[in-house]
Amino acid sequence: MESLSNRKKVIEQKPMNFWERMYLPAIAKGLGITIRHFFKKIPTVKYPEEKRPYAKNFRGLHSLKRDEEGRERCTACGLCALSCPAEAITMTAAERTKGEESLYREEKYASVYEINMLRCIFCGLCEEACPKEAIYLDGPHVTASYLRKDFIYGKDKLVEPAFDIKKLNQEKAN
């Protein structure tokens, strides 16, 4: 079968000489690279004692943010779960009842919000899809564990701790 461009590429294979057939130059070249790397400075970081610097765009553990009044920002719209290519986010929406106005921002909130860190690929699409700026990938590394259930992070691990705005305003005034 002819090619579409009707051009032929002629490949010439020149015969190898004796030294090339013995592969000695290739072995010497490989040993030279190995010896060169042997004397380089080791880039190892002794992790628990030393922390390596991270880039500004480092994506760590997810965190669900609160607004200025300490209420959860998430309105359970589900856009983060829809945009997740690994389908790692699951949520259940619930209606806010009387007395919960100080806890949730809107009438609808996520009663269950879970991220399976074994499935998550830390792409950041959930962060970009959120219209309320409720989820960010700004935490530390996901810690190691032996059990699969330890990698399913619920609201207890994801929501940032509540703060008292009155105390914060008093500290600013002092």
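Glu87 counts as exposed, because its relative accessibility is 58% (buried means under 20% relative accessible area, exposed over 50% and partly exposed in between, with a 1.4 Å probe and protein chains only). Glu87 sits in the loop between H3 and strand E2 (89–95); helices (H or I, at least four residues) and strands (E, at least two) are DSSP runs, numbered from the N terminus. The phi of Glu87 is near 55 degrees, a positive value in a residue other than glycine. Most residues other than glycine have a negative phi.

Ala76 also has a positive phi, about 55 degrees, although it is not a glycine. Its place is the loop between strand E1 (63–64) and helix H3 (79–83). Is Ala76 buried or exposed? Ala76 is buried, with a relative accessible area of 5%.

## About the model

This is a predicted model, in which local features need pLDDT of at least 70 and side-chain atom pairs count only at pLDDT 80 or more, while totals for chains, interfaces and linings use all residues. Residues are numbered from 1 along each chain as its sequence is written, and side-chain values use heavy atoms, with hydrogens and water left out.

## The chain as a whole

Six helices and five strands make up the secondary structure of the protein chain. Read from the N terminus on, the order of the elements is α-α-β-α-β-β-α-β-β-α-α. The protein chain is more spread out than a compact globule, because its radius of gyration is 28 Å, well over the 16 Å that the globule rule gives for 174 residues (the radius is taken over C-alpha atoms, and the rule is 2.2 Å times the number of residues to the power 0.38). Along the principal axes, the C-alpha atoms fill a box of roughly 90 × 55 × 35 Å.

Of the 174 residues in the protein chain, 25% are buried. The chain exposes about 14200 Å², and carbon and sulfur atoms supply 56% of this area (accessible areas come from the Shrake-Rupley method with a 1.4 Å probe, and for residues only the protein chains shown count as cover). Among the contacts with a separation of 6 or more, residues 24 or more positions apart account for 70%; contact means heavy atoms within 4.5 Å.

## Cavities and their linings

How many cavities of 30 Å³ or more does the structure hold? There are three cavities of 30 Å³ or more. On a 1 Å grid over the protein atoms alone, a cavity is a set of points where a 1.4 Å probe fits but cannot get out, and lining residues have an atom within 4 Å of a point. Grid points are joined across faces, edges and corners, and a volume is the space filled by probe spheres set on the points.

The largest cavity has a volume of about 90 Å³. It is lined by 15 residues, and Cys74, Cys77, Cys80, Cys130 and Ala134 lie nearest its centre. Its lining divides into 11 nonpolar, two polar and two charged residues (Ala, Val, Leu, Ile, Met, Phe, Trp, Tyr, Cys and Pro count as nonpolar, Asp, Glu, Lys and Arg as charged, and the others, Gly among them, as polar). The second largest cavity has a volume of about 70 Å³. Residues lining the second largest cavity include His62, Cys84, Ala88, Ile89, Phe122 and Gly124. Here the lining comes to nine nonpolar, two polar and no charged residues.

## Ala134, beside the largest cavity

Ala134, one of the residues that lie nearest the centre of the largest cavity, is in the loop between helix H4 (125–129) and strand E4 (135–136). Ala134 is buried, with a relative accessible area of 2%. Leaving aside residues up to four places away in sequence, Ala134 touches Ser63, Leu64, Lys65, Arg73 and Cys74. Ala134 and Glu95 are 39 residues apart in sequence and 18 Å apart in space, C-alpha to C-alpha.

## Two partly exposed glutamates

Glu114 belongs to strand E3 (residues 108–116) and is partly exposed, with a relative accessible area of 32%. Not counting residues up to four places away in sequence, Glu114 touches Ala88, Ile89, Thr90, Ile152, Tyr153 and Gly154; Ala88 and Ile89 also line the second largest cavity. From C-alpha to C-alpha, Glu114 and Ala134 are 14 Å apart in space, and they are 20 residues apart in sequence.

Glu101 lies in the loop between E2 and E3. At 41% relative accessibility, Glu101 counts as partly exposed. Which residues does Glu101 touch, not counting residues up to four places away in sequence? Glu101 touches Arg71 and Arg96. Glu101 and Arg71 are 30 residues apart in sequence, with 8.3 Å in space from C-alpha to C-alpha.

Definitions and conventions:
1 Å grid on protein atoms, 1.4 Å probe; cavity = no way out; pocket = protein on both sides within 12 Å on 5 of 7 lines; lining within 4 Å.
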